[in-house]
Amino acid sequence: MLKKLIILISFALMSSLLSGCGQLLSAVSNPPKDGKATENTGDAQGKDGQNQEDVEGATAPQETYQEIEFQPINWINGAPDPQPTPGVWVYTKEKHPGNLEDSFTWDEEDVLLVQIGNPEYEGYEMTPTNLQVIQPDVVRVVVKLEKDEFQTDEKEPARVYMTVKRGALDGKKFIVVDQNGKKLQTK
């Protein structure tokens, strides 16, 4: 009987000690929600054990957009003459200039023409880098502008043609920007 009593007392003592350790571990791993530390440890550590200095100034990721695949057109015999005004044109099987009739596979692709009106970029070569769908009906065309080494004395407006999958641009409006985000004139 005495043996049972000693075992029972030992079990009760061990149980109370272990439950106190569990509460202590819980307090250490889950600090108070008000952010006040219960003990000053001497360094500024975050909840994941990292020093605050290590994560200070962390940057959230930039917004990304769905992109439309495209292929810039490199004209072998020179690009068609520029349009009389700046703008954005989508040529399709049903609507395209007659001089482009045999230039594309109209059953599979549409053609996007972007011509800017910024006078400072006359005589520049324009290379598309992205077609970003920034809203369901708005596409941002991002372009790189470089001085055209082969430009004649008559400076033409910067423009670029590109092919896209047929129907990819149906019902879309366009914003054209350079690689720095500067909006370019298309009106």
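**V143**

V143 is buried, because its relative accessible area is 0%, and buried means under 20%. I placed V143 in strand β6.

Next I asked which residues V143 touches, leaving aside its neighbours within four places in sequence. My list reads M126, T127, P128, T129, V176, V177, D178, Q179 and L184. The C-alpha atoms of V143 and M126 are separated by 6.3 Å, though the two residues sit 17 places apart along the chain.

**The sheet around β6**

I then followed strand β6, residues 138–147, to its partner β8. The two run parallel, and 6 bridges join them.

How many strands does the open sheet have, and in what order? I noted 4 strands, in the order β1-β5-β6-β8, with mixed pairing. The edges are β1 (66–67) and β8, each of which pairs on one side only. A reminder to myself: strands of a sheet pair through backbone hydrogen bonds, either parallel or antiparallel.

**Aromatic pairs**

I searched the whole structure for aromatic pairs and got 4. One of them is W75 with F104, edge-to-face, at 6.0 Å centre to centre and 85° between the planes. W75 lies in the loop between β2 (70–72) and β3 (87–91), and F104 in the loop between β3 and β4 (109–115), so this pair ties together parts 29 residues apart in sequence.

Y121 and Y124 make another edge-to-face pair, 5.2 Å centre to centre with 85° between the planes. Here Y121 is buried, with a relative accessible area of 14%, while Y124 counts as partly exposed at 24%.

I also wrote down a cluster: W75, F104, W106 and Y161 form one aromatic group.

**Confidence**

The chain averages a pLDDT of 82, and 72% of the residues score at least 70. Which elements have the lowest and highest mean pLDDT? Helix α1 (residues 2–29) has the lowest, at 53, and strand β8 (residues 173–178) the highest, at 98. Where pLDDT is low, the predicted coordinates should not be read in detail. I left helix α1 there, with its mean of 53.

Notes:
Residues are numbered from 1 along each chain as its sequence is written. This is a predicted model: local features need pLDDT of at least 70, side-chain atom pairs count only at pLDDT 80 or more; totals for chains, interfaces and linings use all residues. Side-chain values use heavy atoms; hydrogens and water are left out. pLDDT is the predictor's confidence in each residue, from 0 to 100. Rings of Phe, Tyr and Trp (its six-membered ring) pair if their centres lie within 6.5 Å; planes under 30 degrees apart count as stacked, over 60 as edge-to-face and the rest as tilted. Buried means under 20% relative accessible area, exposed over 50%, partly exposed in between (1.4 Å probe, protein chains only). Two strands pair if DSSP finds at least two bridges between them. Contact means heavy atoms within 4.5 Å.
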